[in-house]
Amino acid sequence: MPFDAALAVDFVGRHPAVRYENNFPGTVTTIFAGDYDEAETAQVSRPRATGEPVETAAKEALPLLDSGTAGRPVAVREGSAVPLAPQTSSLADARGLHDYTREVLAR
């Protein structure tokens with residue numbers, strides 16, 4: 001079970017009135033913000049030139065979030081809904097992962 005999907009299941013289990021979306025927008029130009037040396041600039045120049053503006057990525061996600069059902073997470077990849085794996089819906093497994101994650105982070 002993907003961790004992010006399992007944690008989404010746990011989150012909506014704890015907050016059933018919330019519509020939750022895991023968004024995977026692809027390459028977005030803002031991920032390349034910052035100052036780079038010459039070698040780094042060469043590495044990021046192509047993805048920076050071909051990535052979508054953040055506004056476009058957000059617009060792709062909003063229709064699915066707006067039409068989502070409270071209490072059920074939605075996964076979106078580049079504007080298209082992606083079905084969550086059947087095992088993702090196990091609330092007991094999701095709660096276990098959440099509890100374990102909190103335990104590890106508290107160390």
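This is a predicted model: local features need pLDDT of at least 70, side-chain atom pairs count only at pLDDT 80 or more; totals for chains, interfaces and linings use all residues.

Trainee: Where is Pro25 found?

Mentor: In the loop between β1 and α2, with α2 covering residues 38-50.

Trainee: And what is Pro25 in contact with, leaving aside neighbours within four places in sequence?

Mentor: Glu52, Ala57 and Glu78.

Trainee: Take Glu78 then. What is the phi of Glu78 near?

Mentor: Near 50 degrees. That is a positive value, and Glu78 is not a glycine. Most residues other than glycine have a negative phi.

Trainee: Where is the place of Glu78?

Mentor: In the loop between β2 and β3. Strand β2 is 74-77 and β3 is 80-82.

Trainee: There's another proline I wanted to check. Is Pro73 buried or exposed?

Mentor: Pro73 counts as buried, because its relative accessibility is 18% and the cut-off is under 20%. Pro73 lies in the loop between α3, residues 54-66, and β2.

Trainee: Which residues is Pro73 in contact with, beyond four places in sequence?

Mentor: Ala8, Val9, Val12, Tyr20 and Leu84.

Trainee: How far apart are the C-alpha atoms of Pro25 and Pro73?

Mentor: They are separated by 16 Å. Along the chain, the two prolines are 48 residues apart. Compare Pro73 with Lys59: 14 residues apart in sequence, 18 Å apart in space, C-alpha to C-alpha.

Trainee: Switching to α1. How many residues does helix α1 have, and what does it reach?

Mentor: Twelve residues, 3-14. From first C-alpha to last, α1 reaches 17 Å, close to the 16 Å expected at 1.5 Å a residue.

Trainee: Which residues in α1 are buried?

Mentor: Ala5, Ala6, Ala8, Val9, Asp10 and Val12. Note Asp10 among them. Ala8, Val9 and Val12 are also contacts of Pro73.

Trainee: What covers the buried residues of α1?

Mentor: The cover includes β1, residues 21-24, and α4, residues 91-105. Look at Asn22, which is found in strand β1. Asn22 counts as buried because its relative accessibility is 10%.

Trainee: What does Asn22 touch, not counting residues up to four places away in sequence?

Mentor: Asp4, Ala5 and Ala8, plus Val74, Ala75 and Val76.

Trainee: Zooming out. What does the secondary structure of the chain come to?

Mentor: Four helices and three strands. From the N terminus on, the elements run α-β-α-α-β-β-α. The chain is more spread out than a compact globule, because its radius of gyration is 17 Å, well over the 13 Å that the globule rule gives for 107 residues.

Trainee: What does the C-alpha trace span along its principal axes?

Mentor: About 50 × 40 × 20 Å. Of the 107 residues, 20% count as buried.

Trainee: And contacts with a separation of 6 or more: what share comes from residues 24 or more positions apart?

Mentor: Those pairs account for 70% of them.

Terms used. Residues are numbered from 1 along each chain as its sequence is written. Side-chain values use heavy atoms; hydrogens and water are left out. Helices (H or I, at least four residues) and strands (E, at least two) are DSSP runs, numbered from the N terminus. The radius of gyration is taken over C-alpha atoms; the globule rule is 2.2 Å times the number of residues to the power 0.38. Buried means under 20% relative accessible area, exposed over 50%, partly exposed in between (1.4 Å probe, protein chains only). Contact means heavy atoms within 4.5 Å. The expected span of a helix is 1.5 Å times one less than its number of residues.
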